[in-house]
Amino acid sequence: MSLTRRRLFGVGSGLSLFGLFPGRNLQAQDAKKVSHRQYFEELSTVFAYGVASGDPLQDRVILWTQVDAKGFDSVSVEWQAALDSAFENVVAAGQTQALAENDFTVKIDAILPWPGTTYYYRFRAHDYWSPTGRTRTAPEQSDHLRVAVVSCSSIWSGYLNSYEMMARR
């Protein structure tokens, strides 16, 4: 008896009905997807403008974000800077308030320990961590400097190959 595609799907469907096939947990997996989706939808409202950094010096960098007020007059915001994207080696951290008078914008002059070093940073507000940003302090000494300036990009508009070209240089 040969195994046809039709017979394979029939047997597979039967096995999943009896719980003998991995498909039995599809409903639970779909529930998890919904909760992940809800989490990321909420995250995108809390940190609608993402994160940014700039003005690097040898010992510091400006870290920036804007948070959703959610009806409050002020929002407590925690921040961290680390040597790794998993934040196992946090080298600087603090807490501040995002105020209505500043449109709930947070701007941190983060003092960092080493020049010419890549750091990862993030913010926490309303029990959500922001997307992780990456920045670099200025080198101690350098005989050349490369600067790339970009502004207000939208992933939906496309043409993001310029970022790849900047990163390669």
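**Ground rules.** I number residues from 1 along each chain as its sequence is written, and side-chain values use heavy atoms, with hydrogens and water left out. Because the model is predicted, local features need pLDDT of at least 70, side-chain atom pairs count only at pLDDT 80 or more, and totals for chains, interfaces and linings use all residues.

Entry 1: An open sheet of 3 strands runs 1-2-5, with antiparallel pairing. Strand 1 (51-54) and strand 5 (105-111) are the edges; each has a single partner strand, so one side of each lacks a neighbour in the sheet. From one strand to the next the twist averages 20°. I took helices (H or I, at least four residues) and strands (E, at least two) as DSSP runs, numbered from the N terminus. Two strands pair if DSSP finds at least two bridges between them. Angles run from 0 to 180 degrees between N-to-C directions, with axes fitted to C-alpha atoms, for helices over the stretch in contact.

I then checked strand 2 (residues 60-66). Strand 2 is joined to strand 5 by 7 bridges, and the two run antiparallel. Leucine 63 sits opposite isoleucine 108 in strand 5.

**Entry 2: strands 3, 4 and 6.** Strand 3 pairs with strand 4 in the antiparallel sense over 9 bridges. In strand 4, alanine 98 is opposite valine 75. Strand 3 is also joined to strand 6 by 5 bridges, again antiparallel. Here tryptophan 79 faces phenylalanine 123 of strand 6.

**Entry 3: the core.** Which residues touch the most other members of the largest nonpolar core? I find Phe47, Leu63, Val67, Val77, Trp79 and Phe123, out of 23 residues. Helix 2 (26-46), strand 2, strand 3 (74-82), strand 4 (90-99), strand 5 and strand 6 (118-125) each supply at least two residues of this core. A nonpolar core is a set of buried Ala, Val, Leu, Ile, Met, Phe, Trp, Tyr and Cys residues joined through side-chain atoms within 4.5 Å. Buried means under 20% relative accessible area, exposed over 50%, and partly exposed in between (1.4 Å probe, protein chains only).

**Entry 4: arginine 122.** I found arginine 122 in strand 6. Arginine 122 is buried yet has no salt bridge. The nearest side chain of opposite charge is glutamate 78, 6.9 Å away. I count Lys and Arg as positive and Asp and Glu as negative, leaving out His and the chain ends. What does the side chain of arginine 122 make a polar contact with? The partner is the side chain of glutamine 80, at 2.9 Å. A polar contact is a pair of N or O atoms within 3.5 Å; within protein, one must be able to donate a hydrogen and the other to accept it, and residues adjacent in sequence count only if both atoms are side-chain atoms.

**Entry 5: salt bridges.** My search of the whole structure gives 6 salt bridges. The cut-off is a side-chain nitrogen of Lys or Arg within 4 Å of a carboxyl oxygen of Asp or Glu.

- Arginine 37 meets glutamate 41 (2.9 Å, N to O). They are 4 residues apart in helix 2, about one helical turn. Arginine 37 is exposed at 58%, and glutamate 41 is partly exposed at 40%.
- Aspartate 59 meets arginine 60 (3.3 Å, N to O). Asp59, Arg60 and Asp109 are linked in a network of salt bridges.
- Glutamate 164 meets arginine 168 (3.4 Å, N to O).
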